[in-house]
Amino acid sequence: MRIAVVGGGPGGLYLAALAKQLGSRHEITVWERNAADDTFGFGVVFSDETLGGIEHADPAVYAAMEREFARWDDIDVHYRGRVVTSGGHGFAALSRRRLLEILQARCAELGVRVHFRTEAPAVEELASTHDLVVAADGLNSRIRQRYSPDFRPTLERRHCRYMWLGTTKVFDAFTFAILDTPHGTMQVHGYPYDATGSTFILEMHDDVWRRAGFAELDDRPWAPGQSDTASIALVEQLCAGVLEGHEVLANNSRWISFTTVRNESWRSGNVVLLGDAAHTAHFSIGSGTKLAMEDALALAACLHEQPDVDTALDAYELERRPVVLSTQRAAQASLEWFENLGQYTDQDPEQFAFNIMTRSRRVTHDNLRTRDPEFVAGVDEWFARSTPGGRADTPPMFQPFSLGGLELPNRVVVSAMDMYQARGDGVPTDFHLAHLGGKALGGAGLVMTEMVCVSPEGRITPGCTGLWNDEQERAFARIADLVHDHSQARIGVQLGHSGRKGSTRLMWEGIDEPLPEGNWPVVGPSPLPYKQGVNQVPRELSRDDMDDIREEFVAAARRADAAGFDLLELHCAHGYLLSSFISPLSNRRTDAYGGSLENRLRYPLQVFRAVRDVWPAHKPMTVRISATDWAEGGIDAEDAVVIAAAFRDAGAAAIDVSTGQVTPEERPAFGRSYQTPFADAIRNRVDIPTIAVGIISSWDDVNSLVLAGRADLCAIGRAHLYDPSWTLHAAADQGYTGPGVRWPDSWKAGSRPPQTGRTDGPRPRLELVREGQRQTRHARWRPAPLPA
């Protein structure tokens, strides 16, 4: 094969070296516009997993890298005058310059031609004269731009500014230093790369950057290689306490806004993207060099294993894309955490340190406990002390919580989930008794009904429950009595009106599809159907209509109290009636109930206040909101903060934070705990308890979210459908037997996991002896003294 590599960074050089080893007859040429000894940046960090791949793929490169590594295990968090340390992480770093020298030498040894200070020929020429063209030309890839119709890239510029610097201070651990300045919060990311220096990154939100005066200094186009010396002088002053008199080093150092690069395809014919040209991930979870070298490993292997270039490129993208997407999700969570750093600066040092460690959602409470049990035990103890009624030796999820005066034994909520099993007149059945009663017996602290509709016309489907007559009230009272008599759970009712999303089929018959017959007219703030040409056009509500529906909510609330519910939640999410008033995508009114967010909130707040007036003062009310519509022109995260504050001021005890389902055009960013950042922002900016919901499926996630202060309660939906005793089993898995969860007397014989067939052989005696003596690795970088 003839292979052209455009870009002589670590990814391009490593790909060239690996491909040449796997096929000595390949003719491989690398073009690099910069000189061989030019490099921008300072250190490069690798994970153990990446190093394992490098070691097996090219032992010679690995051996040369290993001789240069700075290695350490600890992460230090400098915050509010304290240093909190977590160990057991495992890092290896070396200077970027030295890494390039190693890879350049390896390419020369193998016979790869590398042209420095040379622009590559036009990509069209390369594609026509080579079997493969590898675009390893970085973030600002010209090749990606040239073939953008095929790659279909998106470049998302984020909201922080940062500057890559070095320092002669040799950190002995990965260091996060949080700086409280007159301009706002700034953060330092620092780590050693050899015996002489460290990478030193200063990052801050755009607003802080402007207030600090950096915008006035960053007032010109910068030549390649030029550094912003005026800003660097100010950085030295701001970071004097971290630098402790050590020198700051510059290398093409100026302010950057991080850009997340994504491409719908990584190939165009025989041209393929690699590294930053294909994807970027925020530096706070690792290095772009690491990802690029992992790309190179995968591409070289696919070229060797597959019969032709087309198949190899398809296999490469199939292998790497899921890994990269997962990394980018974690990086996005970490990036957004740092963008919103200011919302956490009231946290105590213990909680803040745990929060920063788990910010990407890849590292969790249990994962950290494996790495550093002493650190996690210390944070757990802090949480127990900080929780009213908190208990020692208790996982965070089993600490009690007082929700507006309602005492809950633990932090687990059974999320409101429509079952569509009511009789045609909205009466809950034995199915609901078993469903809700089973979840209460299963150990959750709070069990929520499905959306209970306030009128026949307010139902979503014919299978939805209601609370507008005596028979429904009696049926719900039977359920509430079972929960109270046989469990320690509390039970809440969620009241709502379907609005324009009503009169549809049962979920398994066609979700959001209109009824073929027997339908009823639907209403909304504006005559806009949920799906144009599919769903009914709703009748626009008059002021009298709105008053009537408000009174239906009030009447349902009175019945909910009589039925014995402990909590009432007002459903203002998912595109149902009250939600459709809030979203500008469904509310186009021109009166006092449309237009501004303040106006669009007016009717939902009126309903809330009317219900609050009749709902007993000692019983809390919560509100479920859609914190974003996931659609252009709709509600976004900043709106959600305003919405939450409005309901807090009206008397809400907590906000149940969901998202979307307002428009079929939504484009949600699905993923594990994907809605949690919205609950996090509301809790920490609005100062109101939040309930997080959305693909939270493990007890480890619940422990992590609660302990980090991102939510007070976690609503678990699908996992409770899979396992009605999810909370009891979470306690058993963690070896917890305290008052935060109670097995029914009749079930206590099953409170331990059942025995299974033995599959493990006897373990060596010395391993058994040592197991109790294992300690957290707290190795720190201690370079050998430099020669005089």
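In this predicted model, Arg254 touches Tyr162, Met163, Trp222, Ala223, Pro224, Gly225, Gln226 and Asp228, leaving aside residues up to four places away in sequence. Arg254 sits in the loop that runs between strand E14 (248–249) and strand E15 (256–263). Is this arginine buried or exposed? Arg254 is buried, yet it has no salt bridge. The nearest side chain of opposite charge belongs to Asp218, 7.3 Å away. A salt bridge would need a side-chain nitrogen of Arg within 4 Å of a carboxyl oxygen.

Now move to helix H27, residues 726–733. Which of its residues are buried? They are Trp726, Thr727, Leu728, Ala730 and Ala731. Just after H27, Gly735 takes a positive phi of about 70°.

The loop from H27 leads on to helix H28 (765–771), and Pro739 lies in this loop. Pro739 touches Arg391, Pro409 and Gln488, not counting residues up to four places away in sequence. Ser265 is 474 residues from Pro739 along the chain, and their C-alpha atoms are separated by 53 Å.

Last comes the surface. Met507, Trp508 and Ile511 make a nonpolar patch of about 330 Å² there. Ile511 is found in the loop between helix H19 (507–510) and strand E23 (523–524).

Definitions and conventions
Residues numbered from 1 in each chain as written. Predicted model: local features only at pLDDT ≥ 70, side-chain atom pairs only at ≥ 80, totals over all residues. Heavy atoms only, no water. Patch = residues over 30% accessible without salt bridge, like charges linked within 9 Å, V, L, I, M, F, W, Y side chains within 5 Å. Areas by Shrake-Rupley, 256 points an atom, 1.4 Å probe, with all protein chains shown as cover. Helix = DSSP H or I, 4+ residues; strand = E, 2+ residues; numbered from the N terminus. Buried < 20%, exposed > 50% of the residue type's maximum accessible area, 1.4 Å probe, protein only. Lys, Arg positive; Asp, Glu negative; His and termini not counted. Contact = heavy atoms within 4.5 Å.
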